[in-house]
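Please keep the sequence and the model in view while reading the points below.

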Amino acid sequence: MTTTYLITGANRGIGYGLARLILARPNTTLIALVRDPEHETSISLHELPKAENASIIVLPYEAMDPDSAVKAIMTVQRQYDINHLDVVIANAGGMSWRGPTVSVPASEIHDSITLNTISPLLLFRASLPLLQAPSPHRTEPAKFFAISSGTASLALIPSTGHARTVAYGLSKTALNHLIRKLSTEYTDIVIELLTPGPVQTDLTRAFPEFRDLAKRPEFASRLVNIDISVAGLLRCVDNARFKSEGDEGTHGGFRDYSGATVPW
Ligand SMILES: NC(=O)c1ccc[n+]([C@@H]2O[C@H](COP(=O)([O-])OP(=O)(O)OC[C@H]3O[C@@H](n4cnc5c(N)ncnc54)[C@H](OP(=O)(O)O)[C@@H]3O)[C@@H](O)[C@H]2O)c1
């Protein structure tokens, strides 16, 4: 039995860490959607160690292009004859602007929402037929995850507000709304939001507080090691489940890499 995963933004950061762990699992097919399959970061995906019967397919995906997810799924079906997906992770995302809320350019809000909110919706829509496709080997329900952020949490704004990430935060809060809503409309797919915690990746290294950590020991102590984060996220993927008798389940929820519930 092969488990088929699809991850966007698999060539760097959190997505790359997840790809590495997934390929270390036997009987796995990983469909890695990346912006540029010829970029050295994407080529390096092919060199990751693979467990027995684990394989990777790297396909182009541009989250800002509304047709990209559909094209990628068509290629998966037509070129690779893959007709079901077990796990889809909408991970690609980014933050391009920071500053005081009052100064945020409207275009930054639009771009953030296109990237961090609309592209996961389009990925969900495109992959839905393959998530719902019957698979003779499926022992668990199909699962769809969107990688959110602590900045999405309205409850945490008093402690995250200093981060000056209003465009990004709005887009991730909107993502939470979208995914939670989808979880009420689809009861055959486990749908959930996950957040990696504050991790040093190219995304966060762009910002001053994530550099010179020696000068900021208190902040440094709150960062999560990327290996711990991705291992925790994959545990969340594995144990994501519907509610059942005596178990609240995780469907429709918002958890961090440690499995802890994040307040809305
Ligand atoms: N790191 C953190 O502390 C943190 C905290 C909370 C949430 N997150 C979330 O975790 C996810 C991964 O972030 P990361 O920290 O791993 O960042 P990263 O290292 O900057 O990686 C971002 C990934 O997303 C891809 N991507 C960005 N824009 C894209 C586009 N328009 N089309 C296709 N792919 C695109 C990038 O591809 P290219 O290589 O082509 O640019 C890259 O693979 C994001 O959703 C982010 O919001 C991260």
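Helix H3 passes helix H4 in a right-handed crossing, where a crossing is right-handed if the near helix is turned clockwise from the far one by less than a right angle, and left-handed if anticlockwise. Helices (H or I, at least four residues) and strands (E, at least two) are DSSP runs, numbered from the N terminus. The model is a predicted one, in which local features need pLDDT of at least 70 and side-chain atom pairs count only at pLDDT 80 or more, while totals for chains, interfaces and linings use all residues. Residues are numbered from 1 along each chain as its sequence is written.

**Helices H3 and H4**

- The axes of H3 (residues 68-80) and H4 come within 8 Å and cross at roughly 25 degrees; axes are lines fitted to C-alpha atoms, for helices over the stretch in contact, and angles run from 0 to 180 degrees between N-to-C directions.
- H3 and H4 are therefore roughly parallel to each other, since angles under 35 degrees count as roughly parallel, over 145 as roughly antiparallel, 65 to 115 as roughly perpendicular and the rest as oblique.
- On the H3 side the contact is made by Ala69, Val70 and Ile73, and on the H4 side by Leu122, Leu123, Ala126, Ser127 and Leu130; two residues are in contact if their C-beta atoms, placed from the backbone, lie within 7 Å.
- The contact of H3 with H4 comprises 7 nonpolar residues, 1 polar residue and no charged ones; Ala, Val, Leu, Ile, Met, Phe, Trp, Tyr, Cys and Pro count as nonpolar, Asp, Glu, Lys and Arg as charged, and the others, Gly among them, as polar.

**Helices H4 and H6**

- H4 (residues 106-132) packs against H6 (residues 166-185) at an angle of about 25 degrees, with their axes 8 Å apart.
- This angle makes H4 roughly parallel to H6.
- The crossing of H4 and H6 is right-handed.
- Residues of H4 including Ser112, Ile113, Leu115 and Phe124 meet residues of H6 including Ala167, Ser171, Leu175 and Leu182.
- By class, 13 nonpolar, 4 polar and 2 charged residues form the contact of H4 with H6.

**Two residues of H6**

- Ser171 is placed in helix H6 and counts as buried, with 30 C-beta neighbours inside 10 Å; a residue is buried if 20 or more other C-beta atoms lie within 10 Å of its own, exposed if 12 or fewer, and partly exposed in between, with C-beta atoms placed from the backbone.
- Leaving aside neighbours within four places in sequence, Ser171 is in contact with Ser112, Ile113, Leu115, Asn116 and Thr117.
- Ser171 and His110 lie 61 residues apart in sequence, and their C-alpha atoms are 8.7 Å apart in space.
- Ile179 also lies in helix H6 and is buried, with 26 other C-beta atoms within 10 Å.
- Not counting residues up to four places away in sequence, Ile179 touches Ala146, Ile191 and Leu193.

- Most residues other than glycine have a negative phi.
- Asn53, a residue other than glycine, has a positive phi near 60 degrees.
- Asn53 is in the loop between helix H2 (40-46) and strand E3 (54-60) and counts as exposed, with 12 C-beta neighbours inside 10 Å.
- Asp81 is not a glycine, yet has a positive phi of about 55 degrees.
- Asp81 is found in the loop between H3 and strand E4 (87-90) and counts as exposed, with 7 C-beta neighbours inside 10 Å.
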